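Here is a short report on one protein chain. Look at the sequence and the model first, then read on.

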Amino acid sequence: MLVGHKRVLQYLQKAVAEGNLAPSYLFAGIKGIGKFLAAQYFVSAIMCIDNRNGLPCGQCVNCRRIANGNHPDVRILTLADNKSSIGIEEIREGINSLQTCSYEGGYRFWLIDEAQRLTEEAQSALLKTLEEPSESLIIILIAHGEVGLLPTVTSRCRKFEFNPLSSNDISQFLISKGVANEKARVVARISSGSLGRAWDFVNNENLWDNRVAIMEIMGSVSEFSLWQRLEAASTLEKLASSDRLQNEYFLEMISSFFRDALCLKVGAKSDLLINVDCMQSLQKVSQNMSEASLERTLEEALKAKDQIKRNVNIKFMWQNFLIAISN
Ligand SMILES: [Zn+2]
């Protein structure tokens with residue numbers, strides 16, 4: 001189910017209705033907000049047998065095959081599970097297979113998901129196809145941000161920026177899926193506009209429990225002894241395991257916690273808060289810590305996140321971070 005992005009979808013619908021299609025597109029935005037679904041929706045709108053004014057019917061054989069990912073004229077390339085990038089071989093293979101005519105006589109599509117992970121070589125190989133587009137091929141690059149994409153590639157594409165979803169859109173969706181109102185409201189706020197992340201929180205009990213544990217630690221860390229801090233560091237390290245993304249994610253949660261505490265400290269309105277389910281801890285921290293310490297803690301969290309990206313030892317990262325937090 002596609003949530004939000006009204007403006008982009010309206011634009012795409014109009015383009016389909018008017019036959020105003022580009023040979024290549026770039027759908028960019030944070031992870032988990034429905035860019036891939038939007039690409040499928042767009043392809044369906046173009047291929048739909050019962051298309052009405054640029055809207056896909058969702059029922060016909062083409063719409064169904066596209067939704068199921070098994071339309072012969074829609075090729076999908078994504079990052080392999082065991083890899084961290086998409087290489088030149090995969091691009092060459094795709095280009096070769098797309099040389100032939102379409103199976104059903106219309107357009108052919110190539111959806112490249114996680115396009116920000118294309119290696120430079122792979123992008124250079126793709127560039128030629130983007131520069132000399134074939135009339136019946138439409139390429140859609142789907143990227144979580146544009147970092148990593150060559151300007152020569154992005155400039156060839158008609159670009160759509162997907163904004164993070166509003167917390168209202170997310171909570172409405174969660175409630176429609178049977179999530180309790182209060183939890184939906186909290187999850188919507190803590191998922192930074194990403195429905196994928198919100199959905200993770202709802203379906204993955206572990207993640208929710210981890211968050212509770214993290215918030216508990218952060219609520220008291222400024223009062224901890226050195227020994228307790230080291231213990232907390234090892235707890236966090238264990239919870240996140242060696243997964244770097246998970247560690248970054250934890251630091252984002254922590255940043256949002258201290259950001260909330262800072263908001264309370266400076267007397268901001270409570271509807272600006274994210275972690276509305278942790279009011280007690282937040283109030284305690286905002287009373288115990290000075291404004292300068294809260295600001296410094298936020299800077300330290302940023303630094304720690306940067307260290308993860310630079311492959312610093314995770315254990316030391318957590319130890320340093322927790323020791324740096326003072327009243
Ligand atoms: Zn259809």
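## Contacts and overall build

In the protein chain, residues 24 or more positions apart make up 72% of the contacts with a separation of 6 or more. Two residues are in contact if their C-beta atoms, placed from the backbone, lie within 7 Å. This is a predicted model: local features need pLDDT of at least 70, side-chain atom pairs count only at pLDDT 80 or more, and totals for chains, interfaces and linings use all residues. Residues are numbered from 1 along each chain as its sequence is written.

The chain has 15 helices and five strands. Helices (H or I, at least four residues) and strands (E, at least two) are DSSP runs, numbered from the N terminus. The C-alpha trace spans about 70 × 40 × 30 Å along its principal axes. Of the 327 residues, 37% are buried. A residue is buried if 20 or more other C-beta atoms lie within 10 Å of its own, with C-beta atoms placed from the backbone.

Five strands form an open sheet in the order 2-3-4-1-5, with parallel pairing. Strand 2 (74–77) and strand 5 (158–161) are the edge strands, and each pairs on one side only. Two strands pair if DSSP finds at least two bridges between them.

Strand 1 (residues 24–28) pairs with strand 4 (residues 137–143) over five bridges, in the parallel sense. Ala28 has Ala143 in strand 4 as its bridge partner. Helix 2 (residues 35–47) packs on the sheet and touches strand 1, strand 2, strand 3 (108–112) and strand 4. The direction of helix 2 makes about 165° with that of strand 4. Axes here are lines fitted to C-alpha atoms, for helices over the stretch in contact, and angles run from 0 to 180 degrees between N-to-C directions.

## Strand 3 and its crossovers

Five of the five residues of strand 3 are buried, so this strand is largely enclosed by the rest of the structure. Arg108, Trp110 and Ile112 point one way, while Phe109 and Leu111 point the other way. In a regular strand the side chains alternate between the two faces of the sheet.

Strand 2 and strand 3 pair in parallel over four bridges. The chain crosses from strand 2 through helix 4 (residues 88–97) to strand 3, and this β-α-β crossover is right-handed. That term applies if, with the strands pointing away from the viewer, the path from the first strand over the helix to the second runs clockwise.

Strand 3 and strand 4 run parallel, joined by five bridges. The crossover from strand 3 through helix 5 (residues 120–131) to strand 4 is right-handed.

Notes:
A residue is buried if 20 or more other C-beta atoms lie within 10 Å of its own, exposed if 12 or fewer, and partly exposed in between; C-beta atoms are placed from the backbone.
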